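Could you walk me through this structure, strand by strand and helix by helix?

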Amino acid sequence: MNYLSVENVSKSFGMRVLFENISFGINEGQKIGFVAKNGTGKTSLLNIIAGLDKTDTGNVVFRKGLKIAYLPQEPNLDPALTVEQTIFSSDNPILKIIEAYEHAIENPDDADAYQKAFDAMDAHHAWDFETRYKQILFKLKMEDLHAKVSTLSGGQKKRLALANALLTTPDLLIMDEPTNHLDLEMIEWLENLFAKENFTLFMVTHDRYFLERVCNEIVELDEGILYSYKGNYSYYLEKRDARIETEATELGKSKQLFKKELDWMRRQPKARTTKSKSRIDDFHEIKDRASKRRNDHEVQLELNMERMGSKVVELHKVSKSFGDKVMLDKFEYNFNRGERVGIIGKNGTGKSTFLNILTGALKPDSGKVIVGETVHFGYYTQAGINIKDGQKVIDVIREYGDYIPLKKGRQISASQLLERFLFDPKKQYDFVEKLSGGERKRLYLCTVLIKNPNFLILDEPTNDLDIVTLNVLESFLLDFPGCLLVVSHDRYFMDKIVDHLFVFRGDAEVEDFPGNYSDFRTYEDSNVQEKREASEAAPKVKKDWKQQDSTPAKLNYNEQKEYNKLEKEIANLEKNREELQNKFATENWDGAEIDKQSVKLQEIIDKIESKEERWFELSAKME
């Protein structure tokens, strides 16, 4: 079933043409990854499909009644709402029923309101959706439902917007960089969700493992032309390379033919025959084909790096806390020359704190950090470039001088350096605020490397960079002779670059793992399997839910709330069961009525068993 058709769509900004006359369709069940270089209009096309922007020419035809959810790079959420209010502001009617039920649970004195909300949950089969709603919020670490949107970080807002998009149950989900601000555990959960459920997706992402494992089609915008590949990311790479090789061969033939036809044109007399005029028309077409050239310029990275001495960075019994939350506790480590370390861990486990202490931006509570005299840090942060009003691209680089030193005593002008980072002379005089997200990140990378660091710290460097730039950055880092410290959720990037990992597990536990991310996942998965087998072999002890302590000490906010609700629901259901059982003894029902009430009693008993089972799962986590 066709969901929408993009027909001959074009978009320009002033003299800058993003794309012209492109056409494609999205059908039910497709999971499409959209690939293009930074600045070629990926986000603009997503905004057009989502109805947030207009085309210059052409149009987008939607199937009648199509429900679309859009996750932009920078979500636009109401800062006055709480997390819970943002979720319930969706137009999904099931969420309205769940909202009424949540409100009734928090006001248990109003028995009529509770019963009405309870019956509505039953009538609309909302229990499963409530479980899904809580699971999504739990997986995305949105546990404080009463937090105001205005107090959330950029990453929390992105995760809230993702939760909202998933819970609207759209026919088509459009996403712009969905893995940004997600930790590795969240990304793997999202991959599994998309793999097992029947979502229809159209998305832009730089995460190559995500493209590989989620998408069943790749659409590439290259040199203004759309190419479609029915397969995953590996298939796309294979067929794209074959296509470019074929194009190069055809271009070579066109150039040879052009030289031959140009020689004929020069020899022709002024008087033309009909046949020669036809050949002249063909000549102009051949000339156009022969003059085509791929714009495959790559970022050129070069450093005038100072040689590093024997002492790099030493951390001696470093501790850091924020209130009761301990991030580091007597952490010790000595970096060696040329060391390449990846940092992974859930959000809030202390990764950024560690980097800030290492670079001196944050003081430890105790312990000390000793930095070698020859060490020169380059710190690429998540915050990115600091945009000044009215500042042009060339002005950003000229702050470091009109000429930048390179290796072996050479130097380069600010303009030439920008050209190496794919900013042509015209683009150099654009205002920075007009750049795309990926172009800003590329400019920021330029400002970090311009300082010639020999200890490079990269905090989520892959966010918003196109895949071409990522490949170049990877090649540069593989040859980088200094120390390298990388925080990234891009598993493909980590696998290629780092030799070992610092795994931040929370509660000040930092493990030094000897391998890359894929090695770590294999190790963790084997541990999980061993624990599962041990658990299955252990004898099961059934507990009475009424005899347990009602204060769940080891549950998160959502689970604690669910735990308390389950107790109330089970108590109400048991009361209903007892009342109905008493009626069998007191009421003078006929056979038909007895059958009807028996069915009702069995439904109550089934609900009690189901809810007790979930209650046992939660209570087990408290032990």
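**A walk through the predicted model**

S19 and S20 make a hairpin with two residues between them, and in the turn Asp507 has a positive phi of about 55 degrees.

Strand S12 (residues 340–345) runs parallel to S19, and five bridges join the two. To find this pairing on your screen, look for Gly345, whose bridge partner in S19 is Phe504. How much of S19 is buried? Strand S19, which spans residues 500–506, is mostly covered, with six of its seven residues buried.

Next, let's turn to a sheet. Three strands form an open sheet in the order S11-S10-S13, with antiparallel pairing. Strand S11 (325–334) and strand S13 (366–371) stand at the edges with a single partner strand each, so one side of each has no neighbour in the sheet. On average, neighbouring strands here are turned by 20 degrees against each other, direction ignored. Between strand S10 (residues 313–322) and S13 there are five bridges, and these two strands run antiparallel. Glu314 is a handy landmark, as its bridge partner in S13 is Ile370.

A helix packs on this sheet: H11 (residues 351–359) touches S10, S11 and S13. The direction of H11 makes about 130 degrees with that of S10. Which residues of H11 are buried? They include Lys351, Thr353 and Phe354, and Leu355, Ile357 and Leu358 are buried as well. An α-helix has 3.6 residues a turn, so residues three or four places apart point the same way. After H11 comes Gly360, which has a positive phi near 90 degrees.

Now for a meeting of two helices. The axes of helix H5 (residues 127–139) and helix H7 (residues 184–196) come within 10 Å and cross at roughly 145 degrees. On the H5 side, the contact involves Arg132, Gln135, Ile136 and Lys139, while H7 contributes Met186, Trp189 and Leu193. Sorted by class, this contact of H5 with H7 has four nonpolar, one polar and two charged residues.

Let's move to the start of the chain. Strand S1 (residues 2–13) and strand S2 (residues 16–27) pair in the antiparallel sense over eight bridges, and Lys11 has Phe19 as its bridge partner in S2. These two strands form a hairpin with two residues between them. Gly14, in the turn, has a positive phi of about 65 degrees. S1 also pairs with strand S4 (residues 57–62), again in the antiparallel sense, over five bridges. There, Leu4 stands opposite Phe62 in S4.

Rolling a probe the size of a water molecule over the atoms shows where empty space is left. How many cavities of 30 Å³ or more are there? The count comes to four. The second largest cavity holds about 70 Å³ of space. Its lining brings together residues from separate parts of the sequence, among them Phe34, Lys42, Glu177, His206 and Asp466. By class, the lining of this second largest cavity divides into six nonpolar, two polar and three charged residues.

Conventions
Residues numbered from 1 in each chain as written. Predicted model: local features only at pLDDT ≥ 70, side-chain atom pairs only at ≥ 80, totals over all residues. Heavy atoms only, no water. Buried < 20%, exposed > 50% of the residue type's maximum accessible area, 1.4 Å probe, protein only. Helix = DSSP H or I, 4+ residues; strand = E, 2+ residues; numbered from the N terminus. Pairing = 2+ DSSP bridges. Axes fitted to C-alpha atoms, helices over the stretch in contact; angles between N-to-C directions. Contact = heavy atoms within 4.5 Å. 1 Å grid on protein atoms, 1.4 Å probe; cavity = no way out; pocket = protein on both sides within 12 Å on 5 of 7 lines; lining within 4 Å. Points joined across faces, edges and corners; volume = space filled by probe spheres on them. Nonpolar A, V, L, I, M, F, W, Y, C, P; charged D, E, K, R; others polar.
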